[in-house]
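Trainee: I'd like to learn how to read a fold from the inside out. Could you walk me through it on an example?

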Amino acid sequence: MQLIKNSPMHHVTSEPRNQIQFYCLDQLVEPDSFVRIIDFFVDSIDLKSFGFKHVTLKSEGRPPIHPAQLLKLYIYGYRYGVRSSRKLEREARLNIEARWLLGEIVPSNKTIANFRKDNAEQFRAIFRKFVFLLKELDLIEGKTIAIDSFKVRAQNSLKNNYNQGKIDRHLDYIDTRIREYENALDQSDSEEEKAELAEKLKIQKVRKSKYEGLESQLKATGKEQISTTDRDAQSVVLYRHITQVGYNVQASVDAKNYSQPVGASVGDRHTNN
């Protein structure tokens, strides 16, 4: 009897990294991938009718990324729980499905963040329409079983966010300074000193006018806060009880596909004074 020795086992071998390969990006994305639904949805709607900026181009200047591409990336991020602009930029650069969705465009994290900030109201309307499409395709039942939220920092700094208490403190301080300068003017005999005090008094009155204007705006909006740089942003507690100006974004999960976020509202905010 002749014994046949088994050939030694080998590990699965990898392809050489420097080997040139030819492939089609579309073949790397499954036919039933959710990114194909996102692509179909965004391409089928008129973004201009929703008020998105840069849909039409001017004849001069550097061409921007089409808002449809950035909207696709944001919907992709909501679907897969990728929320920060820096992580979305990384997805656009490295993830096969995200690369397919954007056609290999890689927007910067600043471009991604500014797109969300500049189109907050448009996002709300788009997500309502997106949920309707998913229901039509029988991908969701339309019964919400969970709502989660996350906070996003805005461009507006905390010093440019005001509530009535903050405005009152500024006005009280300014009124005190105005009284001091007026008393000093009455007691001064030096023309040079009077001119200097008059200039300081003028500056304080301009500042008072500014805060009185903010107070009027605050009362007109009927809100508890007003932000001068990003009008939609509000004061929120981001982490470890640290207050910053930003948004409280709401994301929902449908009963039919438990892990699938089907909508979000970037306009809804919680106020923390």
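Predicted model: local features only at pLDDT ≥ 70, side-chain atom pairs only at ≥ 80, totals over all residues.

Trainee: Where is S85 found, and is S85 buried or exposed?

Mentor: S85 is found in helix α3. Burial goes by relative accessible area, with under 20% counting as buried. S85 has 18% relative accessibility, so S85 counts as buried.

Trainee: Let me step back for the overview. How many helices and strands does the protein have?

Mentor: There are eight helices and six strands. Along the sequence, the pattern is α-α-α-α-α-α-β-β-α-α-β-β-β-β. The protein has 273 residues, and buried ones make up 37% of them. Look at the contacts between residues at least 6 apart in sequence, too: 68% of those join residues at least 24 apart.

Trainee: How should I think about a nonpolar core?

Mentor: The general idea is that in soluble globular proteins, nonpolar side chains tend to be buried together. In this model, the largest nonpolar core has 34 residues, and those with the most contacts inside it are I38, F41, L71, I75, F123 and F130. Two or more residues of this core come from each of α1 (34–43), α2 (67–80), α3 (85–94), α4 (96–102), α5 (109–118) and α6 (120–136). The element that gives the most is α2, with eight residues.

Trainee: Which residues is L71 in contact with, leaving aside its neighbours within four places in sequence?

Mentor: L71 is in contact with V42, L47, F52, F115, F123 and I126. There's also a second, separate core, made of twelve residues, and it includes I167, I178, Y181 and L201.

Trainee: Now the helix packing. At what angle do the axes of α2 and α5 cross?

Mentor: For a helix pair, look at the axis distance and the crossing angle, then at the side chains. The axes of α2 and α5 come within 10 Å and cross at roughly 90 degrees. That makes α2 roughly perpendicular to α5. On the α2 side, the contact is made by P67, L70, L71, L73 and Y74, and on the α5 side by T111, I112, A113, F115 and R116. By class, the residues of this contact divide into eight nonpolar, one polar and one charged.

Trainee: And how do α1 and α6 cross?

Mentor: Their axes come within 11 Å, and the crossing is at roughly 120 degrees. α1 and α6 are therefore oblique to each other. The crossing of α1 and α6 is right-handed. F34, I37, I38, F40 and F41 from α1 meet I126, K129, F130, L133 and L134 from α6. The residues of the contact of α1 with α6 divide into nine nonpolar, no polar and one charged.

Trainee: What about α3 and α5, then: at what angle do they pack?

Mentor: About 120 degrees, with the axes of α3 and α5 8 Å apart. α3 and α5 are therefore oblique to each other, and their crossing is right-handed. Here's where S85 comes back: S85, R86, L88 and E89 in α3 meet N109, I112 and A113 in α5. This contact of α3 with α5 has three nonpolar, two polar and two charged residues.

Trainee: Let's look at loops too. Where is H66, and which residues is H66 in contact with?

Mentor: H66 sits in the loop between α1 and α2. At 38% relative accessibility, H66 counts as partly exposed. Leaving aside its neighbours within four places in sequence, H66 is in contact with L47 and V55. V55 is eleven residues from H66 along the chain, and their C-alpha atoms are separated by 6.5 Å.

Trainee: And what can I read from the backbone at E104?

Mentor: Check the phi angle. E104 has a positive phi of about 70 degrees, although E104 is not a glycine. The place of E104 is in the loop between α4 and α5. With a relative accessible area of 41%, E104 is partly exposed.

Conventions: Residues numbered from 1 in each chain as written. Heavy atoms only, no water. Core = buried A, V, L, I, M, F, W, Y, C linked by side-chain atoms within 4.5 Å. Buried < 20%, exposed > 50% of the residue type's maximum accessible area, 1.4 Å probe, protein only. Helix = DSSP H or I, 4+ residues; strand = E, 2+ residues; numbered from the N terminus. Contact = heavy atoms within 4.5 Å. Axes fitted to C-alpha atoms, helices over the stretch in contact; angles between N-to-C directions. Parallel < 35°, antiparallel > 145°, perpendicular 65-115°, else oblique. Left-handed = near helix turned anticlockwise from the far one by under 90°. Nonpolar A, V, L, I, M, F, W, Y, C, P; charged D, E, K, R; others polar.
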